[in-house]
Amino acid sequence: MTDSSIVGLTLLELLDAIKRRELGAREVNICYLQRSKRLNPELNAYITLGLSPSDQDIQIAVKDNFCTKGIRTTAASKVLENFIPPYESTVTQRLLSAGISSLGKTNMDAWAHGSSTETSDFGPSKNPFDTTRIPGGSSGGSAVTVSAGLSVAALGSETAGSIRGPASWCGIVGLKPTYGRVSRYGVIAMGSSLDSPGPLTKTVDDAAYLLSLIAGHDPYDATTTTAPTEDYLAEAHEGRKVRIGVADIYFNGVEPSVKDSVEQAIKTLEKLGHSVHVVKLMDPKYSISDYTIIQRAEVSSNLARYDGIRYGAGRETLGSEAKRRIMLGTYTLAHGYYDAYYKRAQKVRTLIIDDFKRVFGEVDVIVAPTMPMTALKLGEFEKYPFFGEVMDVLLEPSSMAGLPAISVPCGVDAQGLPIGMQIMGPHLSESRILDLAYQYEQETKSYEIVQKNILKWK
Amino acid sequence: MSDIPVAKIANLSALTLSPEELEGIQSRLEETLSYIDNLKEVDVTKTPPTSSVTGSVNVFFEDGSAQERTLQPGSYKVDRII
């Protein structure tokens with residue numbers, strides 16, 4: 001099979017072709033490895049690229065905050081530039097057990113501190129739809145690999161926007177599972193009450209499949225839920241008709257092309273038999289503040305372990321963004337400020353959680369734009385005081401509440417830049433949101449956006 | 001707002017910052033803090049703080065359970081620090 005036909009296949013199609021012996025794992029891996037070697041200098045999607053193609057496993061891109069035993073893991077920081085994990089994260093271990101290994105470790109915002117992949121100590125990644133623009137972040141490298149056909153699928157993680165954001169800006173599917181649905185053991189921690197590993201893929205089915213492999217209780221992560229997992233791939237094809245909630249406040253300040261595209265998508269969903277209801281949700285601007293405090297507080301605590309003694313370089317090697325976040329976090333946790341900031345933020349968090357609970361009593365899912373605008377140019381983030389948090393305004397509320405959400409491509413703007421629509425659901429409703437996403441995707445063939453883009457990359 | 005004790009916070013954070021870095025961070029912190037001040041608009045007088053997003057409580061495991069994923073070093077080689 002030619003390279004261009006291999007990169008046109010989804011993960012499930014590849015697995016099927018391999019099972020039917022139309023393709024061999026080795027030739028698939030060689031194809032992706034060669035493409036990655038050839039195109040990575042321009043896109044900078046990978047920090048570490050694999051050396052040899054596997055004969056048995058399908059290889060996919062893995063965000064560089066997953067500890068992969070024996071394979072350098074850096075979290076895109078010079079502190080861990082030479083760090084080789086002595087153990088495997090639960091998520092990558094589960095994939096290995098299912099015959100999926102790592103093709104390479106992808107670029108990200110250093111320590112996942114950002115929404116642009118520009119804070120990486122290894123340079124920014126470029127958006128495959130327009131290389132003068134950023135792919136989003138922090139799972140930017142992962143999104144780029146899928147979006148340019150450097151990997152059939154990728155692993156990412158989201159604290160508040162880091163899967164959905166880059167998925168939206170790179171024209172692909174990004175699934176953020178319920179907090180606690182997927183184990184964080186072996187994932188370099190950013191915000192421990194928020195971090196959620198998840199897949200970035202070309203199609204909803206691929207995301208459902210990967211979720212089914214990685215989801216589930218893990219005794220090594222006490223925050224994982226004991227709730228049973230579901231057959232997500234089968235559930236995505238149930239064809240449920242749902243009540244869709246739309247909140248005007250999630251369209252405030254959104255670019256007209258994004259607004260139009262998402263509104264059009266909602267009309268399509270209505271045509272498919274779902275009902276649309278206006279709901280009232282808390283202003284997401286409070287989530288920016290709430291998230292900033294809680295995340296930075298948890299960051300200051302999580303990054304305290306990098307003492308440069310047991311492993312890694314010293315703390316003077318930390319980048320300026322990391323230092324800034326640590327400082328704010330320490331401040332909000334310090335004696336005398338804790339009540340005014342961190343404790344108050346945890347109370348506001350309760351309000352955000354209750355707000356969603358109330359709305360999910362009225363509707364089954366909430367649909368909104370993923371990002372308020374399409375991909376920004378490199379360097380534009382300097383305009384914003386805390387770019388990461390401000391850009392992810394529409395994503396932070398659901399992240400604060402630990403809810404699952406999926407971003408699916410729903411169009412492109414006048415410059416051909418992808419637009420994403422997100423579907424949020426209550427706790428542990430991955431089946432429901434995957435189902436709705438699948439119905440939308442099949443009706444509109446939205447995966448063609450990324451398929452066409454991949455063919456541009458030779 | 002300009003009474004953020006940046007030097008003290010840097011010390012608590014185990015970060016060694018140059019005077020220029022300290023000054024730069026001071027203004028950034030002030031910027032951030034003035035934005036997040038909008039949380040004061042939210043009434044939380046009767047709201048309990050969230051301790052767990054998933055509502056999980058008292059997650060225990062048996063001591064001495066299978067340790068197959070513990071690191072098994074013979075010994076570690078580290079840089080001399082004292």
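**Chains A and B: interface and sheet**

Chain B and chain A bury about 4,100 Å² between them, with carbon and sulfur atoms giving 68% of that; buried area here is the accessible area (1.4 Å probe) lost by the two parts on being put together, summed over both. This is a predicted model, where local features need pLDDT of at least 70, side-chain atom pairs count only at pLDDT 80 or more, and totals for chains, interfaces and linings use all residues. Residues are numbered from 1 along each chain as its sequence is written, chains are lettered from A in the order in which they are written, and side-chain values use heavy atoms, leaving out hydrogens and water.

**Interface**
- Chain B puts 39 residues into the contact and chain A 46 (heavy atoms within 4.5 Å).
- The rule finds two salt bridges across the interface (a side-chain nitrogen of Lys or Arg within 4 Å of a carboxyl oxygen of Asp or Glu).
- A:Lys285 and B:Glu41 form a salt bridge, at 3.9 Å from N to O.
- On chain B's side, helix H1 (6-12) and helix H2 (19-36) each supply at least two residues (helices are DSSP runs of H or I, at least four residues; strands are runs of E, at least two).
- The largest share of that side, nine residues, comes from H2(B).

**Sheet in chain A**
- Eleven strands make an open sheet with mixed pairing, in the order S1-S3-S2-S4-S6-S5-S10-S11-S9-S7-S8 (strands pair if DSSP finds at least two bridges between them).
- Strands S1 (46-49) and S8 (275-278) of chain A are the edges, each pairing on one side only.
- S2 (58-63) and S3 (100-106) of chain A run parallel, joined by six bridges; A:Ala61 has A:Gly104 as its bridge partner in S3(A).
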